Amino acid sequence: MSTNPNALWDSCLLLIKSNVSEQQFNTWFKPIMFESFNEATRTLILQVPSNFFVEYLEGNYVGLLNKVLTKYFGTGLRLNYRIMVDKTHKLTQEVEPEPVADIDKSAAKREHANKTPTVLDAAKPQDIDSQLDPRHTFANYIEGDSNKLPRSVGLSIAEHPRTTQFNPMFIYGPSGCGKTHLINAIGVRTKELYPQKRVLYVSARLFQVQYTDAVLKNCTNDFINFYQTIDMLIVDDIQEWVSATKTQETFFHIFNHLFRNGKRIILACDRPPVDLQGMSDRLLTRFSCGLIAELEKPNIQLCVDILNSKIKRDGLHIPEEVVAFIAQTANGSVRDLEGVINSLLAFSVVYNCKIDMRLAERVIKRAVKIDNEPLTMDDILDSVCNHFNVSTTAVMSRSRKRDYVVARQVSMYLAQKYTKIPASRIGKLVGGRDHSTVIHSCTQVENRLKIDKMFCSEVQSIENSFKLKR
Ligand SMILES: Nc1ncnc2c1ncn2[C@@H]1O[C@H](COP(=O)(O)OP(=O)(O)OP(=O)(O)O)[C@@H](O)[C@H]1O
């Protein structure tokens, strides 16, 4: 074949894009990555995010894939998928290439695939894939002050799913604090204890896509019937529905049915129900009638415990002071913590150096957005000069040109406001001026801010640029 197979796959994507809706393309095709093509065996390997993805593609788009791949790669093609285990870092190691579809035969598998649910799925109670991630369990969900309550309620729900207490369980908290892990762990534990229960984990986005598909295929009732057969329905990221009125309505019917029949509903969200503007009132009242549990950002101790558990599990050797340093700087996001550890490992392997404080500082600088890093005089001068389009040299100079004077005075004012640098030092740093010049400049700026709206918004915009920097 003369053309590069990666480019052929890009052509396939282009053709697919013109044959499906933008949402379908973004959800199901954009995340697929070309891995390799073996000319001798005519085997194409594509990387996909999960097993479910494969099943969905096979169930819903096999015909389209078949036609498009044949057009660009020719006939007799064998298509294999490889699951990416670590989506954040696009790693595929540890994963056996799993041939799931010979494209010529895969049409036959269609009816068995986990596609948009139909009434047939509802009729086969034991036969659903829970979509749970077996790696996220209670055993590796470390307990700390910030998650004690949701963790223990979650565990008790998993152990006694028939009790009606705390239904629904609504978990909310900032990104990376462990919501998905916890709701998964509840499902995994329930399945361990009650294998016959129909437990289903679904992201709000996937639910919405399935619903849209069901509407297009005119099988909304089947969709609703399927979801009404679930014993424990776990929906992640429900903030995604805030502007999806029809999806909300449909979920409302499913919710009511499950709730009335004593089935479990577990919801995760990035904010509490009161802040879900755009969610219907009747759903909001239902979300609030069980337990609303907040997962806070983990404190430093919990970060240290999570890191130590990961380090132990992975058989790593990382000095205590480095662990403490990472925990303090990772800004409460466990995802960031994991990212730093992975980067540390990668760096130490690539540069063949040991993991110590120097390396940790280097990695953290690149990997983590550090909160509350104090602003320096240089940061302030940069932002001010940038805003007024003057050079730092001009600000430092003795020139009385109006633009320079304004930039100079604003720099001194902001330095007084945002740093702990004494006025005499600020004066020195801004062109060797004295303490009284700094005080005079600040008074000038303050007075002008009171009467000049335009000036006020200019200073405000410089202040906003500080927030972006930090
Ligand atoms: N208490 C914990 N113990 C062990 N691992 C944790 C804990 N909390 C979070 N993690 C890990 O941190 C990572 C991020 O957690 P998770 O995906 O559950 O966050 P999230 O709150 O759902 O984030 P988002 O809202 O961005 O989806 C996961 O790898 C998870 O296993």
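This is a predicted model: local features need pLDDT of at least 70, side-chain atom pairs count only at pLDDT 80 or more; totals for chains, interfaces and linings use all residues.

User: Is I265 buried or exposed?

Analyst: A residue is called buried if 20 or more other C-beta atoms lie within 10 Å of its own. I265 is buried because 21 other C-beta atoms lie within 10 Å. For the chain, buried residues make up 32% of the 470 residues.

User: Which residues does I265 touch, leaving aside those up to four places away in sequence?

Analyst: I265 touches N167, P168, L233, F255, L258 and F259. M169 lies 96 residues from I265 in sequence, yet the two are 6.5 Å apart in space, C-alpha to C-alpha. Across the chain, of the contacts between residues at least 6 apart in sequence, 73% join residues at least 24 apart.

User: How should I read the packing of two helices?

Analyst: Two packed helices are described by the angle between their axes and by the distance between those axes. In this chain, which has 21 helices and nine strands, helix α16 (residues 377-388) packs with helix α18 (residues 402-418) at an angle of about 145°, and their axes are 9 Å apart. The contact is made by M377, I380, L381, V384, C385 and F388 of α16, together with D403, V406, A407, V410, S411, L414, A415 and Y418 of α18. By class, this contact of α16 with α18 has 12 nonpolar residues, one polar and one charged.

User: What is the handedness of the crossing where α16 passes α18?

Analyst: The crossing of α16 past α18 is right-handed.

Note on methods:
Residues are numbered from 1 along each chain as its sequence is written. Axes are lines fitted to C-alpha atoms, for helices over the stretch in contact, and angles run from 0 to 180 degrees between N-to-C directions. Helices (H or I, at least four residues) and strands (E, at least two) are DSSP runs, numbered from the N terminus. A crossing is left-handed if the near helix is turned anticlockwise from the far one by less than a right angle, and right-handed if clockwise. Two residues are in contact if their C-beta atoms, placed from the backbone, lie within 7 Å. Ala, Val, Leu, Ile, Met, Phe, Trp, Tyr, Cys and Pro count as nonpolar, Asp, Glu, Lys and Arg as charged, and the others, Gly among them, as polar. A residue is buried if 20 or more other C-beta atoms lie within 10 Å of its own, exposed if 12 or fewer, and partly exposed in between; C-beta atoms are placed from the backbone.
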